[in-house]
Amino acid sequence: MRLNQLDPVATRLLLAAFLALSPAGVAYAQGTTAPAGETQADDDDDDDDDGEAAAPAATGAGNAQMPASAMSADALGLAPLSRSSQDVPELVLGSADNDFAVNETDFVMRVGQAYRWRITSDGALEYKFHAPNFFRNIWFNQIVISDLELHMAGPPAWLEYDAKGTIQVQFNTVRPGNFDWWIEGLDGSQGMKGTITVVP
């Protein structure tokens, strides 16, 4: 039986059971609660939403077993659609102690929302961030590197870090789906990979 054939109460119960049994560790781009002490720094990107509060990040249920189109942003506790850009929890690749460290692996976003996502290299290796299916299913507004803006008519092939630093990607999600991201050559035993789930 498909989820859309169930009545709304049964659908909510099924989603609640799925979320309760799923592993923890997902970073939500929008949520209702944030971990204590976690804040996002304001950027200087010249869009017109400066001064508005950043969307809090929350950790919660996993998403790998269920198609994104069967999930509900409201049932997952994501904030309603907003005209302002929301912050995705920062992804940090590597650390001073471990070049293969990744602070978050799985991210959840709402379809049709504008987002800012800071992806930072903090290790001593070269990192090539790949997410081709995700990049093909979003609309890029701009990529910001050291307050320099790159405006695009299509997706990048990958983001490459030859040194420590941050690339901020600003985009609108367009289609729901489960998408993979990985660091080229370090996605095997080093485990530098994860998922991006966009839900309706």
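Okay, let's start in the loop between β7 and β8, which is where Asp 147 is found; helices (H or I, at least four residues) and strands (E, at least two) here are DSSP runs, numbered from the N terminus. Bear in mind that this is a predicted model, where local features need pLDDT of at least 70 and side-chain atom pairs count only at pLDDT 80 or more, while totals for chains, interfaces and linings use all residues. Residues are numbered from 1 along each chain as its sequence is written, and side-chain values use heavy atoms, with hydrogens and water left out.

Back to Asp 147: its phi is near 65 degrees, positive even though the residue is not a glycine. Asp 147 is exposed, at 54% relative accessible area; exposed means over 50%, buried under 20%, partly exposed in between, with a 1.4 Å probe and protein chains only. Ser 146 lies in that loop too, between β7 (138-145) and β8 (148-150). Ser 146 also has a positive phi, about 50 degrees, without being a glycine, and at 64% relative accessibility Ser 146 counts as exposed.

Now, the inside. Strand β3 (residues 86-93) has 7 of its 8 residues buried, so it's largely enclosed by the rest of the structure. β3 runs parallel to β5 (residues 114-121), joined by 6 bridges; pairing takes at least two DSSP bridges. Val 92 stands opposite Thr 120 in β5.

The largest nonpolar core has 30 residues, and Leu 93 and Leu 159 are among those touching the most other members. A core is a set of buried Ala, Val, Leu, Ile, Met, Phe, Trp, Tyr and Cys residues joined through side-chain atoms within 4.5 Å. There's a second, separate core of 7 residues, including Leu 76 and Val 199.
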